[in-house]
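The structure is shown here before the discussion begins.

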Amino acid sequence: MSAEGANASRVDTPKSAVELDESRWPILIITFTAMQSDEFKGEKGDAHAHRLNEAMKSIFARQQPFGLILDFSRSQSVSSSFRRILAEFEHEQVENFTRYVAADALVLSSALQRGAYTAYMWIAPIPYPAKAFEKRADAVEWVETKLAQL
């Protein structure tokens, strides 16, 4: 861990279906932990999305490159409203995502989901490396490699 990472302020979120893990900084692991898809629907889901967006603003305020891992392996699905809120945030923060996200890995348990994500990245690529994985350990290894190339 770098000196900057060791001194970086922690981003704490209330106990929720979305967990942020900075223990491997400069890798940020966001785990969507709810097995029931209800957790990511309606007002409850919107609240999780807004809390996640606020946490990301704090991460961007550090002005440090980092690797991002989004682990969906323990959740069934998220609502269209949840996805919309996150997409709008990414659009609003595109400069920060482009400047600070060195690599973006998704952990998806379904081969179909991983294939769909890969196909989507061919159609609508993002300005930093992104890849889907079945296992978190593989995602971490790939992100570590990308960070080492900076």
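The crossing of H2 and H3 is right-handed, a term used when the near helix is turned clockwise from the far one by less than a right angle. The model is a predicted one, in which local features need pLDDT of at least 70 and side-chain atom pairs count only at pLDDT 80 or more, while totals for chains, interfaces and linings use all residues. Residues are numbered from 1 along each chain as its sequence is written, and side-chain values use heavy atoms, with hydrogens and water left out. Helices (H or I, at least four residues) and strands (E, at least two) are DSSP runs numbered from the N terminus.

The axes of H2 and H3, which are lines fitted to C-alpha atoms over the stretch in contact, with angles from 0 to 180 degrees between N-to-C directions, come within 9 Å and cross at roughly 20°. H2 is therefore roughly parallel to H3, the description given to angles under 35 degrees. In the contact (heavy atoms within 4.5 Å), residues of H2 including His48, Leu52, Met56 and Phe60 meet Ser81, Phe82, Ile85, Leu86 and Phe89 of H3.

The largest pocket holds about 980 Å³ of space. A pocket here is an open set of points on a 1 Å grid over the protein atoms alone, where a 1.4 Å probe fits, with protein on both sides within 12 Å along at least five of seven lines; lining residues have an atom within 4 Å of a point. The volume is the space filled by probe spheres set on the points, which are joined across faces, edges and corners. Of the 30 lining residues, Leu70, Phe72, Arg83, Leu106 and Tyr117 lie nearest the centre of the pocket, and H3 supplies the largest share of the lining, 6 residues.

| Class in the pocket lining | Residues |
|---|---|
| Nonpolar (Ala, Val, Leu, Ile, Met, Phe, Trp, Tyr, Cys, Pro) | 22 residues |
| Polar (the others, Gly among them) | 5 residues |

Two loops hold the backbone points. The peptide bond from tryptophan 25 to proline 26 is cis, with omega near 20°, and proline 26 sits in the loop between E1 and E2.

How values were computed
Angles under 35 degrees count as roughly parallel, over 145 as roughly antiparallel, 65 to 115 as roughly perpendicular and the rest as oblique.
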